[in-house]
Amino acid sequence: MTTLTAPATETLLYEERGHVAIITLNRPERLNAISGEMLEALSAQLIACQREPEIRVIVLTGAGRGFCSGLDLVDQQQRMSAGDGRPGYSLFDLRDAPPVVLQRMDKPVICALNGAAAGYGMDMALLADIRIASDRAKMGAVFARRGVLPESGGTWILPRLLGWARAAEVAFRGRVLDAQESLDVGLVNEIVPHDDLMTRALELADEIAANAPLSVQATKRMMRLGMDEPFEAAVDHIYLQLLPLFQSDDFKEGVRSFMEKREPNFQGR
């Protein structure tokens, strides 16, 4: 497999293990605060993973004590000052920002939440499909305490994950939730001891990657689109997705392996 590369930067690490891509925010001295360089590299790497057939699952994590403490406001201010004189447009043009890219990806994304996720970092974590939390992890919905709002998808995803009343409580109070509170309200899927975090995340990633990738990606796409369409339209779209899957080699392999009582070997074709 050809290793995918994002724009050269030491602040974003990339590794492949079989069909699993591991993307690591690597600015531990700043608790992985997101700089402009990191934003561009992360978006580029996610898009590259989406396009590479051999990559079936992405694991997103952070180096050091934190997952991501949010946007690096100093870096953002410098970029705005060096821009075209329209800071509002340059700061909030999110068309290719990581949260938007994450939301429209068909490939599963697992967030290995190694520490605190606050602000922009919390939004990114919530837009992953599955969140495995270290027992040291925290979710910081501190926007209201900073005079801002969840600008990168939080207002969209929180009510869908938690329901309106619970999402309102978390957001309006500016709460910081530890790992157990995050599990209790439904922000993470499970908690593991800190030293076991990547082992568990990769175990789950490998389990998903062993399934038929076209099927997994079509399922995710239909789940995503189904959140905003009526049932009848969803059923119709699902049928249209099902027809090409019936023609795939992986469908034939799935049936054949079932009949032969063995594990399938899917090729993504």
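Reply: Asn32 is buried, with a relative accessible area of 0%; buried means under 20%, exposed over 50% and partly exposed in between, with a 1.4 Å probe and protein chains only. The model is predicted, so local features need pLDDT of at least 70 and side-chain atom pairs pLDDT 80 or more, whereas totals for chains, interfaces and linings use all residues. Residues are numbered from 1 along each chain as its sequence is written, and side-chain values use heavy atoms, without hydrogens or water.

Although Asn32 is not a glycine, its phi is positive, about 60°. The residue sits in the loop between strand S2 (20-25) and helix H1 (36-51). Helices (H or I, at least four residues) and strands (E, at least two) are DSSP runs numbered from the N terminus. Lys261, also not a glycine, has a positive phi near 55°. Lys261 lies in the segment after helix H13 (249-259) and is exposed, with a relative accessible area of 75%.

S2 belongs to an open sheet of 6 strands in the order S1-S2-S3-S5-S7-S10, with mixed pairing; two strands pair if DSSP finds at least two bridges between them. Its edge strands, each pairing on one side only, are S1 (12-17) and S10 (190-192). Strand S7 (130-134) runs parallel to S10 and is joined to it by 3 bridges; one of the bridge pairs is Ser134 with Val192.

A further open sheet has 4 strands in the order S4-S6-S8-S9, again with mixed pairing. Here S4 (66-68) and S9 (176-178) are the edge strands. S8 (138-140) and S9 run antiparallel and share 3 bridges, with Met139 paired to Leu177.

Met139 also belongs to the largest nonpolar core, which has 45 residues. Such a core is a set of buried Ala, Val, Leu, Ile, Met, Phe, Trp, Tyr and Cys residues joined through side-chain atoms within 4.5 Å. Met139 is among the members that touch the most others, as are Ile23, Leu25, Ile58, Phe67, Leu113 and Leu187. H1 supplies the largest share of this core, 6 residues. Leaving out residues up to four places away in sequence, Met139 touches residues including Leu113, Met122, Arg131, Arg175, Leu177 and Leu187; contact means heavy atoms within 4.5 Å. In soluble globular proteins, nonpolar side chains tend to be buried together.
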